Amino acid sequence: MANDVDALISQLTLEEKAALVTGDGFWHTRAIERLGIPSITLSDGPHGVRRQPPEQENGIGGSFPATCFPPAVGLGSTWDAELIERVGEALGEESNALDVQVLLGPGINIKRSPLCGRDFEYFSEDPLIAGELGAALIRGIQSKGVGTSLKHYAANSQETDRFRVSADMDERTAREIYLAGFERAVKDASPATVMAAYNKLNGVYATEDRWLLAEVLRSEWGFDGVVVSDWGAVNDRDAAVAAGLDLEMPESEAGPAAIVTAVRGGSLDEASLDAAVRNVLRLVFDHAHLKADAGTKLAVPDDMVEDHHALAREAASRAAVLLKNDGGILPLAQNASLAVIGEFARNPRYQGAGSSQMEPTRLDDALTEIRRLAEADVPFAPGFTLDGSGDAGELVSEAVAVASSAEVAVVFLGLPSVAESEGYDRQNIDLPANQVALLAAVAQANPNVVVVLSNGSAVRVSNWQGGARAVLEGWLLGQAGGGAIADILFGIANPSGRLTETIPEKLEDNSAFLDFPGRDGHLEYGDGVFVGYRWYDARELPVSYPFGHGLSYTSFEYSGLSMSVDGADASLSVHVSVTVTNTGSVAGREVVQLYVSAPSVQVRRPLNELRGFHAVPLEPGESREVSFTLGYRDFAYFHPVLKRWYVENGPVEILVGASSRDIREQGSVELRVNEPVVPLDRQSSLAEWMKHPGGQQVLAGVMQQAAAQNPAAAGMFQNEELIAMMGSMPLRRIGRFPGVGLTDEAVDALIAQANSAG
């Protein structure tokens with residue numbers, strides 16, 4: 001293949017090369033017919049195939065019907081890579097049926113703030129979950145021959161001013177949080193393409209960032225696919241080619257012209273253009289054999305529709321999170337006296353708004369599915385309208401009357417689609433005021449209220465959940481979500497979803513509150529690595545529901561934690577096992593979560609960090625041993641001075657439990673790693689010299705020499721209070737004080753001696 005591609009490149013004109021690295025229309029790569037180079041089709045995803053008919057290929061509007069699976073906000077809450085890989089396989093099959101060769105997804109950006117309008121398209125506030133589950137979806141899709149596009153690389157964690165804003169952060173924050181998920185997905189699943197984001201990173205557009213695209217993505221992580229722009233993300237096309245961006249999407253008249261001008265003017269090396277062309281041609285020829293013949297009807301086959309709808313229902317039932325269940329009010333008996341309230345029950349909100357919005361093959365609503373399973377009549381009242389029209393008082397009065405006639409009122413609340421979408425961010429995390437007022441009125445009329453939520457990101461519950469005995473977080477559950485909700489309410493399915501984002505007591509508690517969404521074109525990531533639960537736990541802030549939380553209709557017991565350490569240095573491995581038992585009367589799934597607490601004397605680290613998880617199905621009374629193997633990186637942080645991953649020696653805590661704040665078993669292991677000492681330099685402080693092994697030896701010699709030549713200067717180094725006061729001063733500055741007499745040359749010699757000894 002490589003030789004064939006290189007031969008083709010040698011036959012291409014400069015203009016053809018420039019055209020090949022730019023799209024043809026909205027969804028296709030460009031064909032060069034004279035050389036037999038075909039085009040392939042890309043399509044929006046990632047929770048369904050949004051293939052548009054040829055006459056509507058303008059990026060918005062309708063699409064061919066396809067299965068709408070739960071978006072990432074729902075899939076993420078399953079914590080189940082095996083299930084997500086099966087969803088990926090189904091997406092790959094439907095991509096083939098709809099003549100799509102590259103499906104754009106998954107999105108794995110970090111949910112730094114619940115205000116981000118596109119949080120519904122991302123998995124988690126934690127990079128391990130984002131990377132693991134993103135990799136699973138990629139493996140599933142690509143197992144069917146279809147390429148994927150891992151997005152949005154990188155730090156696209158807001159929608160406000162997304163085409164221009166600069167996400168400003170230090171390298172440690174980038175490496176540990178905002179790049180870590182991408183690194184895992186690239187290394188574990190080899191996506192066909194990676195999509196460069198709209199935004200800048202530290203002042204450089206992601207599409208023009210050579211460090212991001214060439215050094216980190218390709219050289220360090222070994223990515224060998226195509227780097228494609230987000231649609232309209234390219235700022236300067238020639239600069240993007242030089243940085244490592246291969247394919248600009250969609251079609252652009254200015255892009256090819258800019259490339260040709262730059263090459264002919266000598267400002268762009270043609271070898272950089274050839275590298276981009278080579279990557280694009282490899283992508284095309286790797287996937288062109290999947291293209292449908294001309295005239296083929298594009299449709300998902302009927303048998304596939306049914307099978308995939310069933311899979312969508314299974315995924316949705318695993319995604320919903322039971323937040324609260326006072327007195328075990330759930331599950332409901334099928335012969336219970338019920339009332340259903342809330343417009344979302346009959347008019348479901350099941351996917352996000354924006355480029356991922358698609359046409360489902362069918363759509364289940366919860367009201368119909370509840371009535372299908374219930375053995376008694378189920379009255380309904382809308383309670384509110386999605387657009388705010390109608391007589392609010394009359395709607396509430398009707399709902400109160402319906403609720404009063406039943407033993408249990410199931411109230412469907414949530415966010416209308418206009419509240420969260422690609423392209424803009426939310427203004428708050430509250431439910432609409434009319435819905436909160438409705439719940440208060442219903443709760444006054446009926447003490448047995450179950451709330452079912454429909455929303456794409458966390459909403460505040462602290463100001464209304466007292467009116468509900470149970471709260472089921474339904475997120476956005478795709479086309480089969482209505483049936484899945486009914487299954488959970490009646491106990492046909494046991495809820496097993498767990499939160500992948502913390503639900504705070506109030507927005508002001510969020511780590512990004514003071515700087516989101518930035519100002520003057522910049523967004524300061526001042527919270528550093530303390531994002532999500534890392535922030536709430538470090539500050540000991542109360543939360544409504546912690547990261548990892550989720551209830552079940554059964555109970556689980558943890559016991560028998562064991563740990564062992566093998567290997568050393570980069571080959572370090574820690575083996576952990578724990579026994580989990582279903583101590584209840586029904587089958588269920590427990591999500592076993594492993595956290596590491598690795599304190600540091602050099603940098604500030606989170607209290608706990610998720611380092612492993614398993615979704616474990618258990619029958620009543622069944623026990624299962626759950627095992628984890630942790631490696632060097634699971635204990636490391638990115639050292640800001642050494643610019644590498646670094647593990648400190650000493651004890652670390654291993655914590656296993658059901659959420660970041662529900663630890664059931666814990667123990668410690670001792671790490672012994674041969675790491676380099678941070679070298680001293682001219683700016684190293686006295687305190688850093690005192691901590692440095694070689695620095696201590698050298699300073700001892702300096703003090704002896706000072707004592708012999710100048711007793712007053714020697715006293716300076718022996719006075720503990722004075723040393724504490726001067727601890728932050730560079731030794732070079734101290735050397736300039738009267739009586740000390742350390743020249744720059746002398747300090748340089750001491751530095752060399754200390755670093756050599758250390």
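Predicted model: local features only at pLDDT ≥ 70, side-chain atom pairs only at ≥ 80, totals over all residues.
The phi angle of Asp520 is near 55°, a positive value in a residue other than glycine, and the residue is exposed, with a relative accessible area of 74%. The loop between β15 (503-504) and β16 (522-524) also holds Pro517, and the peptide bond that leads from Phe516 to Pro517 is cis, with omega near 0°.

Asn202 is located in the loop between β6 (200-201) and β7 (204-205), where the residue is partly exposed, its relative accessible area being 42%. A cis peptide bond also joins Met249 to Pro250, with omega near -5°, and Pro250 belongs to the loop that runs between α9 (237-243) and α10 (254-265).

Elsewhere in the chain, three strands form an open sheet in the order β18-β19-β22, and their pairing is antiparallel. The edges of this sheet are formed by β18 (556-566) and β22 (623-631), each of which pairs on one side only, and the twist from one strand to the next averages 15°. Strand β19, which comprises residues 573-582, is paired with β22 in the antiparallel sense over 9 bridges, and His575 stands opposite Thr629 in β22.

Conventions: Residues numbered from 1 in each chain as written. Heavy atoms only, no water. Pairing = 2+ DSSP bridges. Helix = DSSP H or I, 4+ residues; strand = E, 2+ residues; numbered from the N terminus. Axes fitted to C-alpha atoms, helices over the stretch in contact; angles between N-to-C directions. Buried < 20%, exposed > 50% of the residue type's maximum accessible area, 1.4 Å probe, protein only.
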